[in-house]
Amino acid sequence: MPPRTTQFKSNKVNTTLVVDASKSSSSPIVTYTIPSSSSSSTNIPSIDLTNLQSTPSPTPLRILIIGCGVGGLSAAIGLSLTGHKVSIYETVNSIKEVGAGIQIAPNASRILERFGVLEELKKEGIMLERNSLRRWEDDGEIGWVGLMPAVGKKYNAPLMVVHRADLQRILLHRAISLGVKIYTSSQIIAISPDFSNPSIKLWNGEWITGDLVIAADGIKSFVRGEIARRKGYKDSTVSTGDAAYRVLIDEERMRGNEKMLKLLRGDVGVRWMGPGGHIMAYPLRSHKLYNMVLIHPIRPHQVDNESWTSPGTKAEMLKQYSGWNSTVRQLLSYVPDDGEVMEWTLNSHSPLPSWVEGRFVLMGDACHPMLPYVAQGAANAIEDAGVLTMALAMVSSTERIEDALKVYEVIRKERGEAIQASARDTQRALHFADGREQEERDRRIRESTEAARKGSEEGKRNPDLWADQQWQEFMWGVDVMRETVERWDEITSHRSR
Ligand SMILES: Cc1cc2nc3c(=O)[nH]c(=O)nc-3n(C[C@H](O)[C@H](O)[C@H](O)COP(=O)(O)OP(=O)(O)OC[C@H]3O[C@@H](n4cnc5c(N)ncnc54)[C@H](O)[C@@H]3O)c2cc1C
């Protein structure tokens, strides 16, 4: 799918936009006022995006969220800020430190700022200055893409990498401080037979009912499976042919090797591109950890396991990368023999017919699991949270919940699925075997880097989508919360016709 443009057509809908940039240069106050004469939106409040608490929803709802991951917590924060009563039900008995590096791109960081967690997150995250695109065989730099601070200025929101555990902890504390009730050891094992009845059943047999259920229950979503089963469609996945290793290397292990320490202490992300795979690497946690995700072809007879916590072996990993350059080999040699090597298979999930059934709505990996080629898993779950926050803040009575969910689906589904599908383009572009296509790609990356350095137009296009400015504009430049308010009338009036 070609990248969409990101201009907002605010004059097309019955919305006035007031931007008071004098309040702060970095975060302008944006106030939307929807005239009460508007056909379908009587009683809709004006919403100050930089102070969500200042305009509580006219209809406080009791919202049940399944899953206390990045998506569920972000939604809980936004919805609490706008006055709803939110409870989260989570399977695990305690929220532990799991995962590794996650990218927070501007499309997510502008939402996290409105949710009041960006400043805290900045203390934990690393703002990469550039991403270096390198060759698998000899570590030679083919090109590079400038990131911070330019990207932050351009999109008025920073780009950073952060440990998933830090992001989750910060979101958790914010949610608790806003009064969100979090129930751990609370696996949901059933949902009501009728989708218009928002009831969920806990493992102990207890049923809980709210006004709305948000399923933020991750890539193996129980609710997605239930909807598919009852609606009679197949919730299918297709193997990408790839699997990924994930390792974290401690600073201690690198002691004495200045070249490796330079990678760890610098603000540069690296993408090594090779035949059938690529590696993404960057520093984490105040430059004390080096994060590597290594994508490679699935081995024959490899078990299909889509879990972030499934163990792999160091020996297999070293074998896989034995022909790659000495920097990669050196880095991998630092993984302790009994250390944590995670390995999981990469499947693409087919788009779902709908993300909404009655009073049940899917969000995050439950409806658009992102492959690591795109680095947008957390960011897109946060976008979902931003849109649900705005849409449900516009609801003037419980009868209008369906309108809000429709708006959410219109704003998010096509966009989320386009970003999801872009994984295939990235996979193709980054995994060429040495030869004509690889040489052509490398030539284009070199030219793009040079043109970008000179500030010329040709520098905007790059075979690596993540580095392509047109794609960045689509991924990072779109403000989905703003779009939700601006398009509310247009989308809901279509429905009432
Ligand atoms: C353990 C783990 C480690 C990860 N590590 C990384 C990483 O290193 N890098 C990266 O980019 N992404 C990682 N991810 C994925 C990343 O967090 C998501 O892609 C993204 O943040 C979207 O989040 P989500 O909230 O939709 O799903 P998730 O973050 O997966 O959260 C889903 C939550 O729902 C809970 N849940 C599932 N089923 C039920 C049920 N029936 N009842 C109650 N609760 C339920 C799960 O326990 C989980 O806490 C990881 C995810 C997990 C679960």
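Trainee: How many other C-beta atoms lie within 10 Å of histidine 287?
Mentor: Histidine 287 has 15 of them, so it counts as partly exposed. A residue is buried with 20 or more other C-beta atoms within 10 Å of its own, exposed with 12 or fewer, and partly exposed in between, with C-beta atoms placed from the backbone. This is a predicted model, in which local features need pLDDT of at least 70, side-chain atom pairs count only at pLDDT 80 or more, and totals for chains, interfaces and linings use all residues. Residues are numbered from 1 along each chain as its sequence is written.

Trainee: Where does histidine 287 lie?
Mentor: In the loop between β17 and β18. Its phi is positive, about 65°, although histidine 287 is not a glycine. Helices (H or I, at least four residues) and strands (E, at least two) are DSSP runs, numbered from the N terminus.

Trainee: And what is phi of serine 286?
Mentor: Near 50°, a positive value in another residue that is not glycine. Serine 286 is placed in the loop between β17 (277-284) and β18 (289-297).

Trainee: Why does serine 286 count as exposed?
Mentor: Because serine 286 has 11 C-beta neighbours inside 10 Å.

Trainee: Other topic. Which peptide bond is cis?
Mentor: The one from methionine 148 to proline 149, with omega near 5°. Proline 149 is found in the loop between β8 (141-146) and α4 (150-155).

Trainee: Now the ligand. Which residues come nearest?
Mentor: Gly67, Gly69, Gly99, Gly364 and Gly377, out of 31 residues around the ligand. A residue is near if its C-beta atom, placed from the backbone, lies within 6 Å.

Trainee: Which elements supply at least two residues of that shell?
Mentor: α1 (70-81), β6 (101-104) and α11 (377-393) each do. By class, the shell has 15 nonpolar, 12 polar and four charged residues. Ala, Val, Leu, Ile, Met, Phe, Trp, Tyr, Cys and Pro count as nonpolar, Asp, Glu, Lys and Arg as charged, and the others, Gly among them, as polar.

Trainee: At what angle do α11 and α12 pack?
Mentor: About 160°, with the axes of α11 and α12 (residues 401-430) 9 Å apart. Axes are lines fitted to C-alpha atoms, for helices over the stretch in contact, and angles run from 0 to 180 degrees between N-to-C directions. The two helices are therefore roughly antiparallel, a term for angles over 145 degrees, with under 35 roughly parallel, 65 to 115 roughly perpendicular and the rest oblique.

Trainee: What classes are in the contact of α11 with α12?
Mentor: Nine nonpolar, two polar and three charged residues.
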